[in-house]
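Q: I am new to this structure and would like to learn how to read it step by step. Could we look at it together?

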Amino acid sequence: MEAQRELELKGIGASPGIATGPVLLLRADDHPVPDYALPADGIPREMLRLEAALLETRRQLHDIQTRVGEVLGSDSAGIFEAHLQVVDDPSFVDEVYREVRVKRRNVERILSDVAERYARTLLQMDDDYLRERATDIRDVTRRILGNLAGGGRDLLAGLETPRVLIARDLPPSEMVAFDRRRILGIVTELGSPTSHVAIMARAMDLPAIVGMSGVCGKLADGERVILDGVRGRLVVHPTAAREEEYSRIARNRAVIQKRLAKLKAEEAVTRDGHAVVLSANIEMPSDVDAVQARGARGIGLFRSEYLFMGEGGEPGEERQYRAYAEVARRIMPESVIIRTLDLGGDKISAAGKIPEEANPFLGWRAIRLCLDRPALFKTQLRAILRASDHNPGLRIMYPMISSAGEVDRANALLEECKTELTAEGVAFNPDLEVGVMIEIPSAALTADLIAPKVKFFSIGTNDLVQYTLAVDRVNERVAHLYEPTHPAVLQLIRHTVEASHRHGIWTGVCGETAGNPILTPLLLGMGVDELSATPPAVPLVKEIIRHLRLAEAQDLAEAARGMSTGQEVFECCRTLVRRIAPEILELAE
Ligand code: PEP
Ligand code: MG
C-alpha cells in the first residue's frame, strides 16, 4: 500500500508528554466504535444484530420524517428520505454483511469502515449533490451505531489497543469515567489549557492538545499519530525519521524526569533558604497516590465537585464523608484543603442539575448555587466537618467568592452545621480553618474586607485571568488573549498577597499557573506563600525553587511592575528559568 503523506497539525499544548499510536475518533455526540474479533460461531448473531439495528433505524427515520414533515413541510423532511436511501441501499448493506463474514470483526467496526470509505469516495466527486451524500452516510451510520449500542454510553467499550482520543470536546463528566489504561492521549478541537479537559488530562498524566480546530474532519479511525503535548503538535502518518526524532525527544525527557523524581524527598527551599509550601491539586480520593509519589506537601485544592460527576448522581452525606475522610487520613501528617462544590461553568454534573445558561461562567456556579441550595450545601459542610476529625490540617475553602457578604452567608451555614453536629454528639475539629478562593476581580480588589473573615486565600488564576481579561477560559478562539502574566492580573495578585499579609494570613495559588515552572519565580517574587500544582508538575516547580534565590525572584517581580505587556513579562520569566534550570524548558514549553 502506498504510504500516506505525513501531516503536522498545530494546537495548544495542554498536558505534557508524547503519545504514539492509532487514533479513536469521537465524533460529536457519538460513541467510539467498538472493535473486536468475532468467534467463528459469532457471525450469525452479528448478522441478526445488524438486521435489528437497520429495522430500528428505518422505523426511527420514518417517524422523524413524518413529524418533521407535519411541522416544517416536506422539503425539510427530504433529508430523512436521503438517510432512508442509505439504509435501503443494497450495495452498501451487502458490503457490510460480506465484510463481517470475511474479516470476522464486529459489525460496528465494519459498518463504520465501509461507511467511511463510501463517504470519502463521495467527497472526492465533482458534483455538489454527491458530496453532500457523504454527510448523509455519516449521519445515518451514527444512528445505526447508536442503535447497535442500544443507547449504552461506555465510551471506550471493546477497545483492544489503547488509542489517542480525538474529539470535538470532552466534558469532564465523561472524562471521570475513563479507564486511563485504554487511552494514550487526548486531542480536542475546543478548549484551552485551563479548560477542565486539560486540567484533568494533566492530573491523569495524559498527554493532551486542545484547541486544534477542525482536527476531527482531518483524521480517520485507526490512523497513526504522534502527539506532543508540550509543543501542541500532532503528526499524522509519521515517517520513520519522524518516529525516531520523537522517540529521541521522549528518551531525553524521560532522563530529565528520572532525575527530577529524585527530588521527591527534598524540601522546596530556595538557595537562600526561603521555604515554600508546595502542595498539589486533586480531583478524586485516588489521586492522593500521585500527590505522595511526586513529593508534594499535602493537598492545596481538592476539587470536590468531581464526586458529583461520576456515576450514582449526587452523593449524600455518608458517601461524601467517606471520600473526604479517606483523603484526610491518607494524606496525614500533611494537610488538605477541601474546596466546596464548584459545579457550573464547564463542570456540569452527570445528574444534569444545572439548567442551561447563556453565560455559564457568569452564572449559577459554585458558591452561588450552594447559597441558593442550603440543603445541598449543608450536606457537604457536615461531611467535611465530620472528616475534619481525622486530620487537624483539614481546611475548607469556598470557591467563586465575589464579595465579603457571601463569606458571611457561607460561614453562617457552617456555624449551623457545627451546632447541629454538636447537638448530635458528632465529632469534628472546632478550629477548622476557613479560606476562600480569590478568582474574581471583585474579591481581589476587596481582599482587605474579606481577609478578617478567613484564615487564608488561595488564588484561582484560571478563573481570575478569565474574569479579569474577559477571555472565556474554554474558548480556543480567544486562547491567545489568555495571559496569566497580563499586568492587570499581576496587579490583582500583588494586591491580594499584600492584603493577606496586612491581616496576618497567607496566600497560595492553586490555579494552573502554580504548576507552570516558568512562572514560579514571578509568583514567589510577588510574595505568594504556597503553590498548589497538578501532581506531575510538582517536581518541575520544586526544581526551580531549589535553583532560585528569593532575592532574584523579587527583582523579577519588581521589574515586571514596569512592563506593559504580558508577553514581555513572560519572556523575562523564561530568561530567568533558562539561566537557572534550562532543562525544565524541555518539559514545559
Ligand atoms: C481556578 O479557577 O484557578 C481554580 C483552581 O479552580 P477551577 O480551575 O476548578 O475553576
Ligand atoms: Mg476556579
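Q: How far does a polar side-chain atom of Arg473 lie from an oxygen atom of ligand 1?
A: Keep in mind that this is a predicted model. A polar contact is a pair of N or O atoms within 3.5 Å, and here a polar side-chain atom of Arg473 is placed 2.8 Å from an oxygen atom of ligand 1. Backbone atoms take part as well: a polar one of Thr461 is 3.1 Å from an oxygen atom of the ligand, and a polar one of Gly460 is 3.4 Å from an oxygen atom of ligand 1.

Q: How much of the area that ligand 1 exposes when taken alone does the protein bury?
A: Taken alone, ligand 1 exposes 290 Å², and the protein buries 100% of that. The space that ligand 1 takes is the second largest cavity.

Q: Which residues come nearest to ligand 1, and which element gives the largest share of its shell?
A: There are 17 residues around ligand 1, and of these Arg303, Arg339, Gly460, Asn462 and Arg473 come nearest. Helix α16 provides the largest share, 3 residues, while α7 (196-203), β10 (299-303) and α16 (461-469) each supply at least two.

Q: In what sense does strand β3 pair with β7, and in what sense with β4?
A: Strand β3 (residues 18-26) pairs with β7 (residues 224-228) in the antiparallel sense over 5 bridges, and Ala19 has Leu227 as its bridge partner in β7. With β4 (residues 163-167), β3 pairs in the parallel sense over 4 bridges, where Leu26 stands opposite Ala167 of β4.

Technical notes
Residues are numbered from 1 along each chain as its sequence is written. Chains are lettered from A and ligands numbered from 1 in the order in which they are written. This is a predicted model: local features need pLDDT of at least 70, side-chain atom pairs count only at pLDDT 80 or more; totals for chains, interfaces and linings use all residues. Side-chain values use heavy atoms; hydrogens and water are left out. A residue is near a molecule or strand if one of its heavy atoms lies within 4 Å of it. A polar contact is a pair of N or O atoms within 3.5 Å; within protein, one must be able to donate a hydrogen and the other to accept it, and residues adjacent in sequence count only if both atoms are side-chain atoms. Accessible areas come from the Shrake-Rupley method with a 1.4 Å probe; for residues, only the protein chains shown count as cover. On a 1 Å grid over the protein atoms alone, a cavity is a set of points where a 1.4 Å probe fits but cannot get out, and a pocket is an open set with protein on both sides within 12 Å along at least five of seven lines; lining residues have an atom within 4 Å of a point. A molecule sits in a cavity or pocket if more than half of its atoms lie within 2 Å of its grid points. Two strands pair if DSSP finds at least two bridges between them.
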